[in-house]
Amino acid sequence: MQATAIAQPNIALIKYWGKRDIDRNLPAVGSISITLSDLQTKVSVELRDGLSDDILLVNGDENQAMLPRMSACLDKVLGQSRLRASMQSHSNFPIAAGLASSASAFAATTVAAAGAANLSLGTQDLARLAGASSGSAARSLYGGFVELKNADDNITLTPLCDVDSWPLQVVVAITQTGPKATGSTEAMEISRETSPFYDNWVAQQEYDLEVARAAIDRRDFAQLATIAEHNCLKMHSVMWASRPPMVFWNAATMRCLQTVRRLQGEGHQVFFTIDAGPQVKAVCLPADVDAVSQALAETSGVQEIMTTGLGSAARLVESL
Ligand code: DP6
């Protein structure tokens, strides 16, 4: 009745922002992401007789704040009348700061919960269950490039290209640690209800997905760069125009964008993307990773740099 799973966060190149069904956590738009290799979350779930409530330790400390969402994740996989669980989660990167920690945490928890109860579920089903807890988590059930499609009554996940056939690198520039002001779930609802740009955002997503899919198919870095930056800035424009406005960036975030523009001007193959937080993720070709890391590390206000390649799908492992 115990299992441990590992999952890596993923970074969306074509973003998920907005929900069409809050209760089932179904996204309003499809998305395309890359799963990372070096950042990871390990979660162990032990289902125990005689335990009156779930317990959660995050990086060794009891965590009441995340407990309700983790318990709800177990309910989705195992049903409401399940045994209570002792859960432990360890991440090797800052959590809740716009680094997609919820993606890896809920992907790993879903896989560990199914493992602890000996359920034999396919990857697509596990992805749907993970997505019901956190939309982006569905994508971490797959490695490499992944597309999340909005199907009639659910989501469908499709791997687009595996890790080895286009080994991009990602340099994460951390400009601020600590939890973000507004969680994604709440922020998406504010955008849906108040942003004058929201409907256009949803309407244009299919086109952006098509362009990105074709670029990935042809390994066309320049085309992927253009559409990913456009999609990212469009999502942030939706947020900025919401009421109240949601600006996740700080001054160093902006300086990182300028660094990426300078690198592009010098001929480096790199583009930026930013999620619901102040960190900048620079995606580049392997030949450019040293120049990109160095330039971002030297950008004023950058506190830390993490470099990672693309990684594999969430999976069960032996132990924590
Ligand atoms: C900006 O998956 O965290 O990172 O489903 O409400 O848990 P919930 O949202 P979440 O949102 C991710 C938003 C994003 C873009 C993306 O990853 O596609």
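1. T109 is buried, with a relative accessible area of 0%, where buried stands for under 20% relative accessible area with a 1.4 Å probe and protein chains only. This is a predicted model, in which local features need pLDDT of at least 70 and side-chain atom pairs count only at pLDDT 80 or more, whereas totals for chains, interfaces and linings use all residues. Residues are numbered from 1 along each chain as its sequence is written, and side-chain values use heavy atoms, with hydrogens and water left out.

2. T109 sits in helix α2, residues 101-116, a helix being a DSSP run of H or I with at least four residues, numbered from the N terminus. Once neighbours within four places in sequence are set aside, T109 has contacts (heavy atoms within 4.5 Å) with V43, V45, M70, C73 and L74.

3. Around the ligand there are 18 residues, of which the closest are Y16, K19, G135, S136 and T185; a residue belongs here if one of its heavy atoms lies within 4 Å of the ligand. Helix α4 (residues 184-194) gives the largest share of this shell, three residues.

4. Domain 1 (2-165) and domain 2 (169-308) both give residues to the shell, so the ligand lies between them; the domain bounds come from an automatic or database domain assignment.

5. Ligand oxygen atoms lie 2.6 Å from a polar side-chain atom of S136 and 2.6 Å from a polar side-chain atom of T185. The protein covers 94% of the 460 Å² of accessible area that the ligand has on its own, by the Shrake-Rupley method with a 1.4 Å probe.

Definitions and conventions:
Helices (H or I, at least four residues) and strands (E, at least two) are DSSP runs, numbered from the N terminus. Buried means under 20% relative accessible area, exposed over 50%, partly exposed in between (1.4 Å probe, protein chains only). A polar contact is a pair of N or O atoms within 3.5 Å; within protein, one must be able to donate a hydrogen and the other to accept it, and residues adjacent in sequence count only if both atoms are side-chain atoms.
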